[in-house]
Amino acid sequence: MGFSFEWFVARRYVFSRKRDRLTGVIANISVAGITIGVAALIVVIAVMSGFQDILKEKILSANPHLVVERVFGPFTEFKKISRRLEELARRKGVKLEGIYPFISEQGLLISSSGEAGVFLKGIPLEEVRHLKTLHLLSGELTDKGSPPPVFLGRRLAERLRVSVGDRVRLLLPQGRITPLGLMPRFVTLRVAAIFETGLYDYDLSLALAPLSTARRVTGTPEAVTGLEIKLHNPFQARKLARLIRTNLGYPYYVVDWQTLNRSLFSALKLEKTGMFVVLTLIVVVAAFNIVAALIMLISEKRPDIALLKALGATERTILRLFLWCGLLLGGLGTGLGLSLGLALCAFLARYPVIRLPGDVYPVDYLPVRVEALDVTIIVISALILTLLAALFPARQAAKLPPAEVLRHG
């Protein structure tokens, strides 16, 4: 009873069973198009958000949130710098989960069955054990034994065709000078464990080692490459990075995880935006169907429009009436698409029926995360498009001359 006159008449026009059959078919097609477009948008954007979350989780679990290194010279004063950074974080109210030294080195790992370029990273053994993404497949995380132990990613071990207990040789870029000239430097290591992180590139090229092994490899018993810092809240990393730069100054520099992975997250954001734009075209096509449906509805209701104008309805009244008709069609399609999209997202989240190749993606299932903001933007965009589509036929209906229509029918 509280609905306006335009809303009441629009509802009767759209849901009337006596309307022309062809008009009803076109209206149903337009509603179905908007339903499919909105549902597709919700599912695809939810999958893109899910991938972003998974990548962030994997990256944050396998990598430090901040890295502090020295521009030149050996980093021997790392213990003093560690205490200084802990005090700085405490004063600024930033909670640390850990701060520890690391040594990194690149080289060529050679086995009896193959070779592969590797990134060797040495950190304290207790930090290796605390890595959240590290899934130990075989062997033991230990710093004891001879030759020095090393832990290989699963795909790296498969490429080298080695298992726990096998020996490998690491060719380092720094050679050694001998009477015969510059000779390559080899270090023999023992495969003590094989792990998996779930990130393809890491499992293919990363070799972890206890800090003691890395020191033997690099021949630097007192120096390290830098310090790695993990925070309780990773999103405070950029704030703490600015404080550390101001506090330490030259010759130290600090990089946070968001800066290190900026290109990856920028690419994901761009891809998400691109998918939104492309899939919105489905809704645009459906909106053109709404134009056709309204034009046919107006053609069918010409006598009614003329009669309403003769009874005192203004052009603005007729305009609002058919805008309501367009919004009803668009709102019905959007509502159905919203329900279908959320239902599909819930199904995919509960039953991972779509499997993904593990050598390409960081997960073997389709990750889904529905964000309220994304859904709101999709719904509002669909309604705005339908409103814009209804504007042209509604204006044409408002301009119909009632006298001519009533005279000629």
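Helix H12 (residues 315-350) packs against helix H13 (residues 372-398) at an angle of about 150 degrees, and their axes lie 8 Å apart. H12 is therefore roughly antiparallel to H13, an angle over 145 degrees being counted as such. The model is predicted.

**Helices H12 and H13**

- The crossing in which H12 passes H13 is right-handed.
- On the H12 side, the contact is made by Glu315, Ile318, Leu319, Phe322, Leu323, Gly326, Leu327, Gly330, Gly331, Thr334, Leu338 and Leu342.
- H13 contributes Val375, Val379, Ala382, Leu383, Thr386, Leu387, Ala390, Leu391, Ala394, Arg395, Ala397 and Ala398 to this contact.
- Among the residues of the contact of H12 with H13, 17 are nonpolar, 5 are polar and 2 are charged.

**Cysteines**

- The structure contains 0 disulfides.
- Cys345 has a relative accessible area of 3%, so Cys345 is buried.

- Ala116 is located in strand S3, which spans residues 115-123.
- With a relative accessible area of 3%, Ala116 is buried.
- Ala116 and Leu160 are 44 residues apart along the chain, and their C-alpha atoms are separated by 7.1 Å.

Key: Residues are numbered from 1 along each chain as its sequence is written. This is a predicted model: local features need pLDDT of at least 70, side-chain atom pairs count only at pLDDT 80 or more; totals for chains, interfaces and linings use all residues. Side-chain values use heavy atoms; hydrogens and water are left out. Axes are lines fitted to C-alpha atoms, for helices over the stretch in contact, and angles run from 0 to 180 degrees between N-to-C directions. Helices (H or I, at least four residues) and strands (E, at least two) are DSSP runs, numbered from the N terminus. Angles under 35 degrees count as roughly parallel, over 145 as roughly antiparallel, 65 to 115 as roughly perpendicular and the rest as oblique. A crossing is left-handed if the near helix is turned anticlockwise from the far one by less than a right angle, and right-handed if clockwise. Contact means heavy atoms within 4.5 Å. Ala, Val, Leu, Ile, Met, Phe, Trp, Tyr, Cys and Pro count as nonpolar, Asp, Glu, Lys and Arg as charged, and the others, Gly among them, as polar. A disulfide is a pair of cysteine sulfur atoms within 2.5 Å. Buried means under 20% relative accessible area, exposed over 50%, partly exposed in between (1.4 Å probe, protein chains only).
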